[in-house]
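Please have its sequence and coordinates at hand while reading.

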Amino acid sequence: MRRALAGCLFVAIGCAPIGVFLLLRRMSLMGDAMSHAILPGAAVGFLLAGMSVSVLSLGGLAAGLAVALAAGVTTRTTILREDASLAAFYLISLALGVVLVSLKGSNVDLLHVLFGTVLALDDSALLLLAGIAALTLPLLILIRRPLVIECFDPSFLRVVSGCGPVVHMVFLALVVLNLVGGFQALGTLMAVGLMMLPATTARLWARTLGGMIGVSLLTAFAASYLGLLFSYHATLPSGPAIVLTAGMLLILSLFLAPHRGLFSRYWAHSHLEG
Amino acid sequence: MVAPPSRRGLRRDSFGQRWLNHHDKNAFAGASSVGGGMITPLGEIAGSIFLHDLTLGYERHPAVHHLSGGFAAGSLTAVVGPNGAGKSTLLKGMMGLLRPLAGRVDWRGTIARHAAYLPQQAELERDFPITVEGVVSLGLWHQLGLWRPLTASLRKQVQEALATVGLASFAKREVSSLSGGQFQRMLFARMILQGASVILLDEPFTAIDHRTIEDLLAVMDRLHREGRTVVAVLHDLDLVRHRFPQTLLLARELVAWGPTADVLTTNNLKRAQALQEAWDEQAPVCARGAA
């Protein structure tokens, strides 16, 4: 149980800030697409080496990066926008993944990849998750400024610096890396939940980027801890329990968040003079 | 308008590449009126831009067709024309944001990466959680780069630029809470900090009130007097007649380019409208482009 909690916290450290940037870049559904995109790589790994964590991870990483690269190049060289090219490539990737999984293995194996095994994390998996979190935070800090500019005023970044495409690809690589890490603990689909639900909650509570990242991290930590407890006492799968908890926190925030929640719309506020 | 130089070189005497006199930024610091505050000094040769048979467009359809001419160093030019005339496309092409279908853009005395470009407000994400200070400090990109922090002295520059545009008390405000006029003032403050020798403005005075327009015009005039080359896309012809000595009248093709009084004639404006309306979306391959 303690391993499970540590694993989830490592996933949260990487996923929560990335989710904030995805949300602000209006790419909230991109994590979902990428989580499907890594499936064929994980399936190839599964076909080659069975349930080997490292091989599954490498396969997932390769497939995710390939889809991100293909979608990125397509977006920048054709009329297709990012959502369209990403949707196209992830669907191809997902179909390929399902075909590959069906070649060898049962539905149980597929569920394992999709929903994870947080209660069975071993030392190597924990080390991998810690490593991904340790890599993600410094890299995000390094590319934070161009990421912000690209969100706010993309043409400004293109004018003052040629680093935009590189930063974009580094960011996409971080998304893939964290999803691959996440599927160790939560499964590919559930990892996106820990990426996007805390970020969405944070948007309701915080006004600044730093505040959003802080609230997002706290929400992800709380969802991990409470979700694991919920999963243990109700004997439910851990991944969905954690994501459901994050979902409950979001729904509460939709009602309670000051200035932006539903209650605040109908609550009489005193106003300032200037 | 000036004629574009040959590939071999620039006629330096006629284009007036020049060193600027106002190197002491302190000479402007502390002024309280809008437009009278800190303006970053040039400290380098003012830039000029030449267009050589430039064609810009989308999916092989030209939005700007075989345009040649030059923006002289230190000139102040309005780009006018009907909707869809290719004005914004021209600015994007000059900045390298759009690859030419044919022809080329030559920058002299500076490069596009060191120019300041103000897009239309609609192209910016106004809901992004960033403060006014955060946006204006982006004007210091070439000093800050990827990761260098905003030091006290740089923060002071940001504050001075904000004071110049009348937003001294807005540094910590969220961008999403600004009005359209305040937002535009903020972008002008960022532009001031860029210290660029060439400034391209895409409809900078659209949908903002008269007072804000006057304040921002004062800033623009100040930048121009500093010797910077300013090109602005505008729709208000009265404003152009009163404040812009040079005008480029565009209707996908060049209609006229030169002193404003000579360009904004009734005949030229009618021609611009006629060219726009006569545009053929089913046109055959351009013989000049294919040659």
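For residues 40-45 of chain B, how many contacts beyond four places in sequence does the model have? There are 29 such contacts, a contact meaning heavy atoms within 4.5 Å, and pLDDT in this stretch stays under 50.

## Basis and confidence

This is a predicted model, in which local features need pLDDT of at least 70 and side-chain atom pairs count only at pLDDT 80 or more, whereas totals for chains, interfaces and linings use all residues. Residues are numbered from 1 along each chain as its sequence is written, chains are lettered from A and ligands numbered from 1 in the order in which they are written, and side-chain values use heavy atoms, with hydrogens and water left out.

The pLDDT, which is the predictor's confidence in each residue from 0 to 100, averages 83 over chain B, and 81% of the residues score at least 70. Within chain B, confidence is lowest in helix α1 (residues 12-15), with a mean of 30, and highest in strand β3 (residues 76-80), at 97; helices (H or I, at least four residues) and strands (E, at least two) are DSSP runs numbered from the N terminus. Residues 6-33 of chain B have pLDDT below 50, and this stretch has 52 contacts beyond near neighbours in sequence. Where pLDDT is low, the predicted coordinates should not be read in detail.

## Strand β7 of chain B

Five of the five residues of strand β7 (residues 229-233) of chain B are buried, so the strand is largely enclosed by the rest of the structure. Buried means under 20% relative accessible area, exposed over 50% and partly exposed in between (1.4 Å probe, protein chains only). Thr229(B), Val231(B) and Val233(B) point one way from the strand, and Val230(B) and Ala232(B) the other way.

Strands pair if DSSP finds at least two bridges between them. β7(B) pairs in the parallel sense with β3(B) over four bridges, where Leu76(B) has Val230(B) as its bridge partner. Strand β6 (residues 198-202) of chain B also pairs with β7(B) in the parallel sense, over five bridges.

## Aromatic contacts

A pair of aromatic rings is described by the distance of the centres and the angle of the planes. Rings of Phe, Tyr and Trp (its six-membered ring) pair if their centres lie within 6.5 Å; planes under 30 degrees apart count as stacked, over 60 as edge-to-face and the rest as tilted. Four aromatic pairs are found over all chains. Phe152(A) and Phe183(B) have ring centres 6.2 Å apart and planes at 55 degrees, so the pair is tilted. Both Phe152(A) and Phe183(B) are buried.
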